[in-house]
Amino acid sequence: MSIDELTAWRPRLQALASAACGDDGAHDINHLHRVWRNAQALLASHPEADALAVMAACYLHDLVNLPKNHPQRAMASRQSAELARRELAAIEFPAAKLDSVAHAIETHSFSAALPPRTIEAQLVQDADRLDALGAVGLARLFYIAGQMGSALAHPSDPLALERERDDRAYALDHIDVKLARLPAMMQTAAGRALAQARLAQLTAFRAAFAQEWAL
């Protein structure tokens, strides 16, 4: 895959993605840019992967974006994959790559819990999950929690030392309930290394938050 071919397709993929973006600041075009940037970092360790299929999946994985608490949330990635296949065919994207793109989109989702069977799908899943970690991931966590009406933290036990964690009720709980699990779930060694570094930022924040919260 040549750099020229990626450069030629990127604005066309961005246009498709931008047309589908709503007003969700956690899943806007900047999120898609970051996912592709994460994927590029991972591609450096996997030159065997089809970079164009990876880029297409990175930009189109949220064509259907349902709220975290929507009853059909687990179906959103499948719907995105089906829509991406139609949209890409309409702009004459290479037909031989459509299955790869669709599979990567369908399996990227944490909610869908589908195993990625190709290196392209593994890279896209890792790249998307990396954006849930680190400084930007922390901002996205509280943005989404605000959308869902969650409190920042439990009023007297922010670290859940004497209660069950509940990330629907308390935003801070989401770090332990989901985000701390992501490094071990990464599909690639490069993804795991980056995820561990970003999780360390969240862990440090959680400790600092709890110390201030208790004052």
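## Close-up views of a predicted model

View 1. Helix 5 is mostly covered, since eight of its 10 residues are buried, where buried means under 20% relative accessible area, exposed means over 50% and partly exposed lies in between, with a 1.4 Å probe and protein chains only. Helices here are DSSP runs of H or I with at least four residues, and strands are runs of E with at least two, numbered from the N terminus. The model is predicted, and local features need pLDDT of at least 70, side-chain atom pairs count only at pLDDT 80 or more, and totals for chains, interfaces and linings use all residues. Residues are numbered from 1 along each chain as its sequence is written, and side-chain values use heavy atoms, with hydrogens and water left out. The buried residues of helix 5 are Leu98, Ser100, Val101, Ala102, His103, Ala104, Ile105 and Thr107. What covers them includes helix 3, helix 4 and helix 6, by contacts in which heavy atoms lie within 4.5 Å.

**View 2. The largest nonpolar core.** A nonpolar core is a set of buried Ala, Val, Leu, Ile, Met, Phe, Trp, Tyr and Cys residues joined through side-chain atoms within 4.5 Å. The largest such core has 55 residues, of which Leu60 and Leu88 touch the most other members. Two or more residues each are given to this core by helix 1 (3-20), helix 2 (29-43), helix 3 (51-60), helix 4 (76-90), helix 5 (98-107), helix 6 (119-130), helix 7 (134-148) and helix 10 (189-213). Helix 3 supplies the largest share, 10 residues. If residues up to four places away in sequence are not counted, Leu88 touches Leu13, Leu16, Leu60, Phe93, Leu98 and Val101. In soluble globular proteins, nonpolar side chains tend to be buried together.

**View 3. The one cavity.** The structure holds one cavity of 30 Å³ or more, and the volume of the largest cavity is about 40 Å³. On a 1 Å grid over the protein atoms alone, a cavity is a set of points where a 1.4 Å probe fits but cannot get out, and lining residues have an atom within 4 Å of a point. Grid points are joined across faces, edges and corners, and the volume is the space filled by probe spheres set on the points. The lining of the largest cavity is made by Ala17, Ala20, Cys21, His27, Leu32, Tyr59, Leu60, Asp62 and Leu63. Helix 1 and helix 3 are the elements that give two or more residues to this lining. By class, the lining has seven nonpolar, one polar and one charged residues, where Ala, Val, Leu, Ile, Met, Phe, Trp, Tyr, Cys and Pro count as nonpolar, Asp, Glu, Lys and Arg as charged, and the others, Gly among them, as polar.

View 4. Rings of Phe, Tyr and Trp (its six-membered ring) pair if their centres lie within 6.5 Å, and planes under 30 degrees apart count as stacked, over 60 as edge-to-face and the rest as tilted. By this rule the count comes to four aromatic pairs. One of them is the tilted pair of Phe205 and Phe209, with 5.8 Å centre to centre and 45 degrees between the planes. Because Phe205 and Phe209 are four residues apart in helix 10, about one helical turn separates them. Phe205 is partly exposed at 26% relative accessibility, whereas Phe209 is buried, with a relative accessible area of 14%. Phe209 also forms a stacked pair with Trp213, at 5.1 Å centre to centre and 20 degrees between the planes. Phe209 and Trp213 both lie in helix 10, again four residues apart, about one turn of the helix, and Trp213 counts as partly exposed at 32% relative accessibility. Ring pairs link Phe142, Phe205, Phe209 and Trp213 into a cluster.

**View 5. Two loop residues with positive phi.** Glu92, which lies in the loop between helix 4 and helix 5, has a positive phi of about 60 degrees although it is not a glycine. At 69% relative accessibility, Glu92 counts as exposed. Ala160 is in the loop between helix 7 and helix 8 and has a positive phi of about 55 degrees, although it is not a glycine. Ala160 counts as buried, at 9% relative accessibility.

Conventions
1 Å grid on protein atoms, 1.4 Å probe; cavity = no way out; pocket = protein on both sides within 12 Å on 5 of 7 lines; lining within 4 Å.
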